[in-house]
Amino acid sequence: MKNLSISGFSEKPNIIIANYVILTFYGYFSIGLTLAVLPIFIHQQLGFNTVIAGAVISLQYVTTFIMRAYAGNIVDKKGPKPAVIASMICFLLTGVLLIAAFLTVDTPLLSLAILTVSRLMTGCAEGMVGASPVNWAMLRMGEQHTATAISYNGIANYSSMAIGAPLGVWMSSSLGNWSIGGLTILMGMVGLWSALRKPALKAEQDEPRKPFFKVLKSVSPYGTGLALAGIGFGTLSTFITLYYAYNKWDQAAICITAFSLLFVVGRLLFAGAIHKYGGTKVAIVSMIVESLGLLVLCMATDSDVAVFGAALAGLGFSLVFPALGVEAVSKVSTANKGAALGAYGLFIDISLGITGPLVGFVAKVFGMAYIFPFSMAMVIIGLFVCAVLNFEKEKKNNTLLTQ
């Protein structure tokens, strides 16, 4: 299992890890295609309010939440391959549903109903692919590459959205919304083909597996910090197009691209800081930077300043997931790593799932200008959660040193 030779690829560990997390790219590229298109489609073309638009977009995370636990169990029992295959089939079906929803725009309720099903299907796909390529890479390379696998997976995730979001906007205006569904079908087919060609691997069950909810309890302190930090990203990804429309600015997708590109830069340049300084310390610094980015978005007077704020928020958010993820996974045995990553990932799903209706409510009651101050406040609370975790960690380490 640890043999580094792989057909057609260099034996360098980073290349092999990238060969697995490319599966994440295929999945999240499909998600990114609709990020900047669906909120406007639901609100302006179908005529529903911001609360409904936010709720439908966030429905994806309901099934993502449910499927994370299921995927974690599949990965630990049968390996990641079956989970990834199921994910790519779901993305393919999502593309079919998107085409149907766009073609029924003249019947708003029917179109919204189909979109609702497509969001649930997207959530199923995301839940199955979320942590599976990371586990596949860890099984191939060993646990010593956990931080690298998580970091590369995030790069694949957000670079795919950086490309997918503006491409989706361009396709919508130039080719028609149906083309987004067509490309989603194609990406599902490419991902399915890629997964089928990779070897099936699974962890050796040399230790008893814990019930999922016990694993969830072990990772929940770190997941809570992640969830609060994720509200900043959720607000930007779900509402940036409506925020730009409110301010009468153009090119909202550039904000998502700026966020995603700086997210990737942060992962590439600073991922080594996690091992050097520790996950909780890196998470604290990351959330400070993310909060500053959201503050810039709050105070932006034009679209250029807003893009800078989004980029700064992306740089800050970039290391939160791997920094707290390394700490969370270290709390469980090898036999429970898949469940731990799945359980940890639930918290970002919860975060993104509640962000749509919650921030939509803030926008409706207080006004669109208040969405980023609200999300910034949530990230700052997450910063304090991480500060407490870091204090407890250092206290424990000092106790061990004095014994």
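This is a predicted model: local features need pLDDT of at least 70, side-chain atom pairs count only at pLDDT 80 or more; totals for chains, interfaces and linings use all residues.

Take C124: it is in no disulfide, and the nearest cysteine sulfur, that of C90, is 3.6 Å away. Our cut-off for a disulfide is sulfur atoms within 2.5 Å. Remember, a disulfide is a covalent bond between the sulfur atoms of two cysteines.

Is C124 buried or exposed? C124 counts as buried, because its relative accessibility is 16%, and the limit for buried is under 20%. C386 is buried too, with a relative accessible area of 0%.

Next, a pair of helices. Two packed helices are described by the angle between their axes and the distance between the axes. Here the pair is α1 and α7, and α7 covers residues 132–141. Their axes come within 8 Å and cross at roughly 155°. So α1 and α7 are roughly antiparallel to each other. Their crossing is right-handed.

Which residues meet there? From α1, we have P13, I16, I17, Y20, V21, L23 and T24. From α7, we have P133, W136, A137, R140 and M141. The residues of this contact divide into 10 nonpolar, one polar and one charged.

Last stop, α2, residues 38–45. Its buried residues are L38, P39, F41 and I42. What do they pack against? The partners are α1, α3, α5, α6 and α10. After α2 comes G47, and its phi is positive, near 85°.

That's my tour. Over to you.

Methods: Residues are numbered from 1 along each chain as its sequence is written. Side-chain values use heavy atoms; hydrogens and water are left out. Buried means under 20% relative accessible area, exposed over 50%, partly exposed in between (1.4 Å probe, protein chains only). Helices (H or I, at least four residues) and strands (E, at least two) are DSSP runs, numbered from the N terminus. Contact means heavy atoms within 4.5 Å. Axes are lines fitted to C-alpha atoms, for helices over the stretch in contact, and angles run from 0 to 180 degrees between N-to-C directions. Angles under 35 degrees count as roughly parallel, over 145 as roughly antiparallel, 65 to 115 as roughly perpendicular and the rest as oblique. A crossing is left-handed if the near helix is turned anticlockwise from the far one by less than a right angle, and right-handed if clockwise. Ala, Val, Leu, Ile, Met, Phe, Trp, Tyr, Cys and Pro count as nonpolar, Asp, Glu, Lys and Arg as charged, and the others, Gly among them, as polar.
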